[in-house]
Every structure is written in structure tokens, then in C-alpha cells.
Amino acid sequence: MSSGTSLIDVSLQNEVGSHIKLQASLSAKDNEAITLFEKGIEKESHGSMSDAVEFYRKAFRINEKVDLLYRTKRVPHNVYKLKQEGGKNIAKRVDEARVRSIDVDALLESFANAEAHAPDPFNPEHQQDEMVTIKFENLDLNEDSMKNIQPISPLMHLPNDIWMHIFEILLTTNPESWFNFSITCKKNAYLGLGSKNIWRKLCYLIYPQQVYYENKLYLESMQTLDMPKDLSLPVPHDQLSILPQYQNSWKYMLRNRPFVKFYGCYISVVNYYSEGGKAEFSSSWSNPVKTITYYRYIRFYPDGTCVKVLSTLEPNKVIPNLLKYNTQKSLIPTVADPRAKTVLANAPVPTKESHNIYHGKWTMSTTGEIHIEINEGSVPYYNFHYHFQIKSLGGIFKHSKLNWITYYAIRKKMSPNDDREGEQTEFPLKNEKAFKFLKVRSYKVDN
């Protein structure tokens with residue numbers, strides 16, 4: 001815990017005070033315009049461009065300078081809130097090129113002899129934000145007593161073995177907490193991010209949960225030939241036997257060996273334009289154009305199953321219901337009875353096709369190619385197949401992107417005399433966009 005995070009930037013606080021006064025002086029129409037403008041920003045962040053444009057148009061009709069009004073009246077307050085929640089440096093622009101040029105391994109190694117220190121309250125030049133400390137607050141102590149109390153750091157004198165045990169517990173229970181704790185000071189950075197044992201444990205937590213196509217094919221062949229299953233799988237569960245393929249480095253393995261993430265879902269936002277026809281007796285030179293937005297959602301599970309949704313609903317409406325054990329297999333779990341005022345919890349849900357949740361199976365090759373198969377999809381006589389390649393997003397977020405490879409369907413046998421069984425239908429990928437991973441805090445490995 002840092003004592004610096006409780007300090008308030010006085011100049012910024014003055015700016016917010018003036019912002020509140022200015023906002024109070026705004027007219028009702030100006031406030032309405034800013035509200036519509038913010039809704040447009042929210043829709044744009046979700047990828048719903050048609051709705052975003054509609055909100056922007058309404059806002060500019062009310063006030064043609066609403067964008068300037070938003071930047072001068074609302075942005076300072078939002079920046080202030082961000083700094084209070086995430087620290088005073090959160091709103092500063094980072095030189096990404098300079099960050100990429102840093103040798104992270106060498107930087108962490110330079111912290112090997114760093115120690116955690118409590119800040120010196122009598123030295124204002126002391127870098128308190130970099131220290132581990134506990135402050136005494138809300139203890140009903142008078143000022144004289146507070147003057148004699150020094151900030152303390154109970155973690156200062158812990159041996160490194162206990163520190164490592166703490167990091168391993170955080171890594172197992174909540175990897176996000178492990179990372180956040182590792183960047184609190186130099187000593188934590190070295191122990192939490194520079195230790196081989198941490199990266200080794202992370203590899204053993206991630207890769208044994210992957211469902212590899214090579215292993216599945218091998219086990220199926222053993223069953224077909226009626227042979228005993230050999231324990232030496234093509235992709236071993238013991239990660240130590242795979243380590244030599246990745247320069248004997250656990251960190252290098254995590255950087256370069258693809259894997260599927262389970263604590264969230266993959267989302268693809270698709271926008272395309274549809275040109276309509278002119279109205280009768282219209283003298284317009286051009287046809288009206290409409291922006292079509294839809295979303296694809298995929299969520300994976302370690303047992304080889306997955307759920308998939310194609311819908312026009314935005315992520316905040318889909319993600320809470322994108323569950324493996326959604327018995328109604330729909331994004332809308334209940335339906336209102338038009339003859340009653342109550343909601344029937346167990347009634348069948350007459351939803352649109354785009355709101356259905358489809359269950360399938362997935363496997364991944366050692367090269368990072370994912371194959372998804374859905375037997376019971378939107379078309380009853382088709383067996384759908386999706387192929388993706390795992391990629392990194394922006395070179396920073398490792399293995400967080402799924403690029404399309406191919407999308408096709410194979411016709412099932414619908415009758416004894418069905419001669420079309422096995423026909424393959426290819427679907428175009430012209431409008432399709434790559435999937436990006438979104439972490440969801442409420443998701444568990446198997447919910």
C-alpha cells in the first residue's frame with residue numbers, strides 16, 4: 001500500500017471545482033446534448049457504429065459545438081476520477097516505442113538487490129509512491145499521537161521464500177492480483193516477474209488445460225485399433241519435456257506457445273454497409289446507406305466444450321448469460337406471459353434465432369490453430385466448422401486474438417435415401433472480423 005495514492009492533486013482538484021461550477025451553469029439543452037454525445041461514445045466503444053452515429057447526430061442538432069463542450073466540461077472530471085482510482089500517472093500518455101525498446105529481463109535483473117523500505121515522513125523528497133507502507137488512519141488518535149507514529153512496512157523483513165509463497169498463492173487464486181502486486185515496488189517486481197519458478201507454475205496452470213488435436217486423434221486411433229492407451233501422448237502433460245523446444249525458458253514458452261484463455265470470452269464486432277433503394281418520387285442522387293452491426297461471441301472451457309452466439313445484442317447484455325449451463329440455451333432466460341403480470345421462470349423462451357446459445361466442441365493444434373465443431377447449430381441439417389489461428393493483439397496482449405482461417409458446413413444425413421450427405425458448403429469471410437479476448441471477472445473455469 002502506498003501513502004502517495006491518498007494524496008490529492010490540489011491543482012487538479014481546483015480544476016474539478018471549477019468544472020462543477022461550469023456544469024451547474026449549463027443549460028438543460030447543453031446537458032442533454034452532452035448526455036447524448038456520451039451515449040454515442042459508449043455505442044462506438046461497443047462497435048455499434050449505426051447507433052453511435054444516431055446519438056452523435058441528435059447531440060449536434062441540439063448544440064453544434066457539443067464536442068468542444070464535452071472536452072471542456074466533462075473530460076476534466078473524468079480524468080480526475082481516473083487519477084483518484086488508478087493513481088496520478090494513469091492519465092499520462094506513454095511513449096510506446098520507448099517502452100518496446102526496454103529490455104524487461106535486464107531491468108528486472110537490476111532489481112535483484114532492491115529492498116522494500118518504509119517512507120520517511122520527515123523527508124518530503126522521499127519517493128513515497130515506490131515504497132511499501134501501511135498508514136495509520138481513522139484510529140481516533142489526536143494530532144500529538146500521530147506525530148510520534150512512524151509508517152511501518154510489515155513486509156520489509158520477510159524472507160524471500162515467504163514472498164515467493166505469497167506470489168504463488170496469488171497466481172493460483174487470482175492471476176490478476178499476482179500481476180498487480182508484482183508491480184507495486186522493485187523488490188516485488190523482481191520476485192513476482194523475474195523468478196523462473198513463477199513462470200514455471202504459470203505454464204503448469206495453463207497448458208495442461210488445453211485440448212490438443214494431436215492428443216485427441218492419437219487416443220481415438222488407440223480405441224479404433226483396440227490397443228492399450230500409451231501414456232506418452234504426442235503433446236505430453238508434463239511441461240518439462242516440452243521445455244527444450246522453447247530455449248529451456250518458461251517465460252519464452254508463455255510468450256511463444258499459443259493457448260486458449262478461459263476467464264473471459266472472445267468477441268468479434270462486424271460492421272458493414274447495406275445500400276437501400278430510393279423512396280418513391282425521390283429526387284436524391286444517391287441511395288440511402290445503413291450500417292449493419294452484429295457480434296459473434298465464443299467462450300471456451302477446459303473440458304473441450306464451447307458456447308457460441310451470433311447476435312445483434314451488445315456485450316453488456318450477452319456476457320452475463322453466456323454460460324455453459326444455461327438450460328434454456330438463450331440469452332433471454334425468462335419470458336413474460338401476456339395474460340399475466342408475472343414472469344414465468346420455467347416457460348419456453350420464444351426468442352429470435354440470433355439470441356440462441358449453441359454448444360460445440362473445440363480442439364487446438366500445437367501450431368495454435370483452433371477447430372470448433374457445432375453439430376446442433378442454426379441450420380438443423382448442417383454440421384458447422386470454424387477454423388481460427390491464435391495471434392497476439394497489438395504485439396502486447398499475447399495470444400488474445402483469433403484470426404479467421406475458414407468457415408464451412410457439412411451436410412448431415414437427414415433421411416435414409418439422402419444422397420447429399422457429406423456435401424460441404426463454404427461461407428465467405430468478406431465481412432467477418434477477428435475475435436478479441438475480453439476478460440470477465442465473474443467467469444470461472446466451469447460456470
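At 42% relative accessibility, D446 counts as partly exposed, a label for values between the two limits of under 20% relative accessible area for buried and over 50% for exposed (1.4 Å probe, protein chains only). The model is a predicted one, in which local features need pLDDT of at least 70 and side-chain atom pairs count only at pLDDT 80 or more, while totals for chains, interfaces and linings use all residues. Residues are numbered from 1 along each chain as its sequence is written, and side-chain values use heavy atoms, with hydrogens and water left out.

D446 has a partner in K324: the two form a salt bridge whose closest N and O atoms are 3.2 Å apart, where a salt bridge is a side-chain nitrogen of Lys or Arg within 4 Å of a carboxyl oxygen of Asp or Glu. K324 lies in the loop between α15 (315-318) and β4 (335-336) and D446 in the segment after β11 (435-439), so the pair ties together parts that are 122 residues apart in sequence. Helices (H or I, at least four residues) and strands (E, at least two) are DSSP runs, numbered from the N terminus. K324 is buried, with a relative accessible area of 14%.

In the whole structure, eight salt bridges are found. Another of them joins D105 to R255, with 3.8 Å between the closest N and O atoms. This pair also links distant parts of the chain, since D105 sits in helix α7 (residues 104-109) and R255 in helix α14 (residues 250-256), 150 residues apart. Both ends are partly exposed, D105 at 37% relative accessibility and R255 at 36%. Together with K251, D105 and R255 are linked in a network of salt bridges. A further salt bridge connects E423 and R420, at 3.1 Å between the closest N and O atoms.

Next come the spaces inside the model. These were searched on a 1 Å grid over the protein atoms alone: a cavity is a set of points where a 1.4 Å probe fits but cannot get out, a pocket is an open set with protein on both sides within 12 Å along at least five of seven lines, and lining residues have an atom within 4 Å of a point. Grid points are joined across faces, edges and corners, and a volume is the space filled by probe spheres set on the points.

Two cavities of 30 Å³ or more are counted. The largest cavity holds about 50 Å³ of space, and among the residues lining this cavity are R296, K308, Y386 and W404. Strand β2 (289-300) gives the most to this lining, with three residues. By class, the lining has nine nonpolar, no polar and two charged residues; Ala, Val, Leu, Ile, Met, Phe, Trp, Tyr, Cys and Pro count as nonpolar, Asp, Glu, Lys and Arg as charged, and the others, Gly among them, as polar. The second largest cavity has a volume of about 40 Å³, and its lining includes Y207, H237 and R257.

The largest share of its lining, six residues, comes from β6. The lining divides into nine nonpolar, six polar and seven charged residues.
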